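This report describes selected local features of one protein chain. The sequence and structure come first, and the notes follow.

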Amino acid sequence: MQSDDPIFTDKDELTEIEEPEIPEVLPMMAVRDVVVFNYMIIPLFVGRPASVNAIQEALSGDKLLMLVTQKDSSVDEPGPDDLYRVGMVCMIMRTLKLPDGRLKVLVQALHKAHVKEVVKEVPHLEARIELFQEEESVAVSVEIEALMRTVREQTEKILSLKGIVSSELMVILNEIDEPGRLADLVVSNLRLKTAESQQVLETVDAIERLKKVADFLHKELEVSTMQAKIQSEAKEEMGKTQREYFLREQLHALKKELGDIDDKSEEIEELRTKINKARMPSEVKKESLKQLKRLEMMHPDASEATIVRTYLDWMLDVPWRKSTKDHLDLKVAREVLDEDHHGLEKVKERILEYLAVRKLNKTTKGPILCFVGPPGVGKTSLGKSIARAMGRKFHRLSLGGMRDEAEIRGHRRTYIGAMPGRIIQGLKTVSSNNPVFMMDEIDKVGSDYRGDPSSALLEVLDPEQNFEFSDHYLNQPFDLSKVMFITTANMTDTIPGPLLDRMEMIRLSGYTLEEKVVIARRYLLPRQLKENGIQEKNIKLDDETLSTIISNYTKEAGLRNLEREIGKVCRKVARRIAEGGKGPYAITSRTLSKYLGPPFFIPEEEIDTIDLPGLATGLAWTEVGGEILYIEVSLLKGKGGLTLTGQLGDVMKESAQAAMTVCRSRLKKLGLDENFFEDVDVHVHVPAGAIPKDGPSAGVTIVAALCSALTGKTTRKDVAMTGEITIRGRVLPIGGLKEKALAALRAKITTVIIPAQNKKDLEEIPKDLRDQINFVPVKNVDQLLNKVF
């Protein structure tokens, strides 16, 4: 129910309309945002079905209607409890049906009434009412006259402040000599809050009603005065700005007319225009205008002018509020990720989770991910794919070998040749404040006398701090919370603890033989064919040949060497075509050696060497992936000494000593005399001798090799093992299980013995890998020896 401005009538005018007898029960209609007072004529727009029905019911009878105000104007279908109990009995004077189906109704208020009870709610409200007694004329005392004058004066002030003063209204106010009528007229014209107007309506005593109106007027006058002051100040400030602009334009025109305008003035005006259009934060804009004013006072050839000009250029180029719109279609994002990368399900799931949260919460902060894995597994290319899937721009920053803190935070402007840090430079390059920002090789950040970049990165990579990242050059806070930071590392050991704690680790272990074949077929081979100018019809390379290249010519967790070998084959074919050959050239496992030479790795021949006692196959983790580790043990005549060779670290030497203790404690179980070691020296060697080795996970392998040498039994060819041991023979858990499992698979080993406490880690290993390898958990050395021989 909506209403236009009410119209007040003089009481004498009501004599022209014969006031009908008001029945006890009337149709009732709710109005919102307006309280109807005596003698008001008010137009109403009626659209709600219940209200239309009430109007129709009134028109079919004596045209009388009870109007009451809603307590909450947002309720569309108010019930009896949603309405005030005091309202006005009104007469419908005129109705008009509008084109949109609503009714425009003109009603005149006749009598104040109280709703005793609601007798009907459907199809419209109907109420039993009780009329208020007519107010008796009150003798106007000096006090009442003073109160009425105060009300008139305050009303005039408020209306003049709001700019809606009417001479006709003031004439009516001055002519009214009844306190009740004056109160009603003032309240209806001042548009007070609905609750305040209703409070006045429900007050029966005329003097009390006028006093309440005077209180409301006092409050409203204070608010209106303050509002007018604020508007005046704003208008004055706006006028000052317009005046400055007008004078500046006049000065510019005069200079141009006199021929005094120079390049500097044009440059200053151009910079000022750019600053005003750059949508900078208020503090940044204030600082930019301050520096522009300094520049305006300087001589163009001054060295300081160049510094300030460069600073302003940076302030204008930084994307303070420029951003790209995210693609939040999860299905499309999944398709893009699958199109660019095979496998890597854990990473893809994490990106899709972020997009899902971003779709539900637009203000979520960007995640800070760290991809940890050996070289060549696709960490950097995955960042590009993520940016493409999200529809964001991509920027890569290499941290390897970085030693200067200013590379991150920037140089202070006091230095010659000062520049912002690489973070701000990268954002300027992509012209967006929400790119995918990749920081490569975070594990290879250095430090020296110039500072520690990893400490500077603590602020950049902390979502609770980076919304106010301060670059030393700009010296203004910049919001990095919208940036999606992705870091990469080969290992986490060299990353400082506080920095590591700020990042979410996602490990990329490497690929199985089958995954490498698929990746080579989908991505590597087409890329090499394109780079070498070969059409697909000129070369035939089947999956079996790709498997041979992977097994015999590469030994890596990633794909870089594989792509090099494929590129070598393509170059050989490209030469033949360039020399006039027609092709197509079919490369098979038999002819592969003509293109790549003899195989570099023959895992089968290496495994055959385990037919001798004293040899065992272990598994090791390195920063470039998992590796096969062979342990050799030889027994010599001596006095019970232990010799260790193969560039072993301290931890691995201690593992060998622990393994020696375990074997000595089990001489009886091995069928040997307790004094066996008194005349025997033990030599433990771990090839290759030129490569440093360390770590506790070779303990079980050393025990197996020792027991093999002591008993003369050979270990199984198809078994590899990993695990730390104690001197009591317990097998403790290790890390890097997936990388080690991939290394075993590359060496065609089908059984891997693992610590029992590592069974939980099998869930992280892909199902196809678990299907190809039999993982045997053991709790102690006795279980180990039963499985090895």
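## Salt bridges between separate elements

Glu-349 is partly exposed, its relative accessible area being 38%. The model is a predicted one. The side chain of Glu-349 forms a salt bridge with that of Arg-334, with an N to O distance of 3.3 Å. This pair connects distant parts of the chain, since Arg-334 belongs to helix 10 and Glu-349 to helix 11 (residues 345-360), 15 residues apart. Both residues also take part in a network of salt bridges that includes Asp-338 and Lys-348.

A salt bridge of 3.4 Å, N to O, brings together the side chains of Asp-462 and Arg-502. Here too the pair links distant parts of the chain, at a separation of 40 residues. Asp-462 sits in the loop between helix 15 (453-460) and strand 12 (469-470), while Arg-502 sits in the loop between helix 16 (497-501) and strand 15 (504-507). Asp-462 is buried because its relative accessible area, 11%, falls under 20%. Arg-502, at 25% relative accessibility, counts as partly exposed.

## A salt bridge within one helix

By the rule used, the count of salt bridges comes to 33. One of them pairs Glu-565 with Lys-568, whose closest N and O atoms are 3.8 Å apart. Glu-565 and Lys-568 are 3 residues apart in helix 19 (residues 560-578), so about one helical turn separates them. Glu-565 is buried, with a relative accessible area of 8%, whereas Lys-568 is partly exposed at 26%.

## A positive surface patch

Arg-279, Arg-321, Lys-322, Lys-393 and Lys-482 gather on the surface in a patch of positive charge. Among them, Lys-322 is located in the loop between helix 9 (303-317) and helix 10 (330-340). Its relative accessible area of 49% makes Lys-322 partly exposed.

Thr-545 is part of helix 18 (residues 543-553) and counts as buried, with 0% relative accessibility. Its side chain makes a polar contact of 2.5 Å with the side chain of Asp-542. The side chain of Thr-545 also reaches the backbone oxygen of Ile-587, at 3.0 Å.

Leu-513 lies in helix 17 (residues 513-531). At 28% relative accessibility, Leu-513 counts as partly exposed. Between Leu-513 and Ile-550 the C-alpha to C-alpha distance is 7.2 Å, although 37 residues separate them in sequence.

## Backbone geometry

Most residues other than glycine have a negative phi, and most peptide bonds are trans. The following cases depart from that pattern.

The peptide bond joining Val-122 and Pro-123 is cis, with omega at about 0 degrees. Pro-123 occurs in the loop between strand 7 (103-120) and strand 8 (125-131).

Lys-63 is not a glycine, yet has a positive phi near 65 degrees. Lys-63 is placed in the loop between helix 1 (49-59) and strand 5 (64-69), and is partly exposed with a relative accessible area of 38%. Ser-431, also not a glycine, has a positive phi of about 55 degrees. Ser-431 is in the loop between helix 14 (422-430) and strand 11 (436-440), and its relative accessibility of 34% counts as partly exposed.

Definitions and conventions:
Residues numbered from 1 in each chain as written. Predicted model: local features only at pLDDT ≥ 70, side-chain atom pairs only at ≥ 80, totals over all residues. Heavy atoms only, no water. Patch = residues over 30% accessible without salt bridge, like charges linked within 9 Å, V, L, I, M, F, W, Y side chains within 5 Å. Areas by Shrake-Rupley, 256 points an atom, 1.4 Å probe, with all protein chains shown as cover. Salt bridge = Lys/Arg side-chain N within 4 Å of Asp/Glu carboxyl O. Lys, Arg positive; Asp, Glu negative; His and termini not counted. Charge placed at Lys NZ, Arg CZ, Asp CG, Glu CD. Helix = DSSP H or I, 4+ residues; strand = E, 2+ residues; numbered from the N terminus. Buried < 20%, exposed > 50% of the residue type's maximum accessible area, 1.4 Å probe, protein only. Polar contact = N/O pair within 3.5 Å; in protein donor to acceptor, adjacent residues only side chain to side chain.
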